[in-house]
Amino acid sequence: MISKINETKAFFDSIDEGLYGKKNVKDALALVYHENSKFNVYSQRKQGEKIGVFYNPYITERCSQPFKHYPNAEKIDLKVYDDLPTPQKDLFGTILNRRSVRDYKPDYKVSERELHIMLKHSYAVTNRVKMDEVDGHVGFRPIPSPGGLYSLEMYLVLFNSQTGPGIFHFRPDEMTLEKIYDGDTLSQFKEIVTTEPYININTACGMVLVTGLYERLSIKYGERAYRFMIHESGFLAQNLSLIMEAIGLGSCMVGGYIDDKVNEMIGVDGVFETCHNILIFGKNKMGK
Ligand SMILES: Cc1cc2nc3c(=O)[nH]c(=O)nc-3n(C[C@H](O)[C@H](O)[C@H](O)COP(=O)(O)O)c2cc1C
């Protein structure tokens, strides 16, 4: 098998130094990163020592609850919706029906209850597990997270909502939204997030912006942390897109945006915390 791969690589090298050519691998940042974050027996053992340190209840408890907060922000309490019955939807049907939605019902205002359903089932602390050896607990959430270190933060940019327009940070431990900017930002985001002509941002209710704090993971996983952070973000986006499908909203991921302008809009530094995932959403026009 290996010799067959080597033969293929040699063949491509010999014709045009295509992607398989050593020179081009060096130029492809993604391949260089992936090569350099591969484990071999030695590096896995070395990293394993760092990982081992985390099998300590005190460290686990401290590290699994990285709750960023904005002490002076006005808050919207979404916990008040906790006792309402969860919508009952067929999971398998929802998975099969999910499609990206790029045009939304104009003037639809997303409700606090809809935001509550989206956030609770994507990244809220839903299960507090008491650890015998320590006073505190570990807070688990609906999606898998490398080492339970929860490296992500979520921001909601609302254009059209019952809550009013603004930028909000989600507190997963409290089920609250912290208002970090009051006012309509549609025209600014239209300049820096590439949606048109495919996605009709003018009819959207808002966007979910997901950032990652790489250091929350790299302290344990070294270079592999970046892979893991992106995995976690994929789980989050998948949950969100399925939840929206289930409750009659529609969403679409957006890959093109001016990263540091987006970071500036939500007030994060762009290096240690940086936006890497954008999901736009609105009311599904098809009335599902
Ligand atoms: C990381 C990522 C980025 C995407 N970026 C865009 C985008 O910028 N604009 C867009 O219209 N669709 C975007 N999409 C949606 C894909 O085009 C869509 O998922 C794909 O065509 C499959 O269609 P479906 O989602 O309806 O099943 C993106 C999807 C992913 C996973």
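1. Basis. Residues are numbered from 1 along each chain as its sequence is written, and side-chain values use heavy atoms, with hydrogens and water left out. In this predicted model, local features need pLDDT of at least 70 and side-chain atom pairs count only at pLDDT 80 or more, while totals for chains, interfaces and linings use all residues.

2. Helix H11. H11 spans residues 259-266, and Val-262, Asn-263 and Ile-266 in it are buried (under 20% relative accessible area, 1.4 Å probe, protein chains only). These residues lie on the same side of H11 because they cover an arc of only 100° around the axis, taken from the directions from the helix axis to the C-beta atoms. Helices are DSSP runs of H or I with at least four residues, and strands are runs of E with at least two.

3. Packing of H11. The buried residues of H11 pack (heavy atoms within 4.5 Å) against helix H8 (186-192) and several strands, among them S4 (152-158) and S9 (273-283). Gly-267 follows H11 and has a positive phi, near 75°.

4. Ligand shell. Residues around the ligand (a heavy atom within 4 Å) include Ser-100, Ile-199, Cys-252 and Met-253. By class, the shell has four nonpolar, two polar and three charged residues; Arg counts as charged and Gly as polar.

5. Ligand oxygens. An oxygen atom of the ligand is 2.7 Å from a side-chain N or O atom of Arg-102. For Arg-98, the corresponding side-chain distance is 2.9 Å. A polar backbone atom of Gly-255 is 3.0 Å from a ligand oxygen. The protein covers 52% of the 620 Å² of accessible area that the ligand has on its own (Shrake-Rupley method, 1.4 Å probe).

Definitions and conventions: Buried < 20%, exposed > 50% of the residue type's maximum accessible area, 1.4 Å probe, protein only. Polar contact = N/O pair within 3.5 Å; in protein donor to acceptor, adjacent residues only side chain to side chain.
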